[in-house]
Every structure is written in structure tokens, then in C-alpha cells.
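Please look at the structure below with me, point by point. I begin with a pair of helices and then turn to a pocket.

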Amino acid sequence: PRLMQKVLVIDDEPQIRRMLRVILEGADYRVLEAATGRDGLTEAATRLPDIVLLDLGLPDLPGLDVLGRLREWAAMPVLILSVQDAADEKVA
């Protein structure tokens, strides 16, 4: 049997986490969730996901700070979720 890849979704919106869980579990991924940047960093460190889906607008830490902290010790791919309109924010 194929090993299920773990995806960590760090997003403060429960409906977005729920939607991503349904989609990803339907594609045979194991989904981990965190609603804050701090909880996301803890989940990433303890559960070692294969990939992270990261919202930039978190209630406790800016998403870019979470990304920077992840990059201090981890090399897993990170996909950014954002509703930012400004091009410079997207590039950063």
C-alpha cells in the first residue's frame, strides 16, 4: 500500500480548512490542521508534514514570519494561500 502523504493546512478560517480537508482527503492525503501560526509551527515540528499550505493572514503571526521560521529548519514545500491584492506582497 502507498504511504499517505501528510499535508499541514495553516489557516484561521474553519470553512477553508474544512474545504481543503475534503478535497485533500478525497485525493488520499492525510490532513493536519492548525488555526494559528504558533500551532502550525508546533504541528510542523512534531508531525513533519510532506507539504504545508500556509495562509498569510493569521491572527497571531504574519504568515511570512511563519514561513521564515519554518525555513530555519525545514525544507518541505510550502504553498501560500492569500487574498492579498498587492503584487509586492505576493512576491514577498
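1. Helix α2 passes helix α3 in a right-handed crossing, a term for the near helix being turned clockwise from the far one by less than a right angle. Helices here are DSSP runs of H or I with at least four residues, numbered from the N terminus. The contact (heavy atoms within 4.5 Å) is made by Gly-37, Leu-41 and Ala-44 of α2 with Val-66, Arg-69 and Leu-70 of α3.

2. This is a predicted model, in which local features need pLDDT of at least 70 and side-chain atom pairs count only at pLDDT 80 or more, while totals for chains, interfaces and linings use all residues. Residues are numbered from 1 along each chain as its sequence is written, and side-chain values use heavy atoms, with hydrogens and water left out.

3. The axes of α2 (residues 37–47) and α3 (residues 63–71) come within 10 Å and cross at roughly 20 degrees, where axes are lines fitted to C-alpha atoms over the stretch in contact and angles run from 0 to 180 degrees between N-to-C directions. The two helices are therefore roughly parallel to each other, the word used for angles under 35 degrees.4. The largest pocket holds about 170 Å³ of space, a volume being the space filled by probe spheres set on grid points joined across faces, edges and corners. A pocket is an open set of points on a 1 Å grid over the protein atoms alone where a 1.4 Å probe fits, with protein on both sides within 12 Å along at least five of seven lines.

Methods. 1 Å grid on protein atoms, 1.4 Å probe; cavity = no way out; pocket = protein on both sides within 12 Å on 5 of 7 lines; lining within 4 Å. Parallel < 35°, antiparallel > 145°, perpendicular 65-115°, else oblique.
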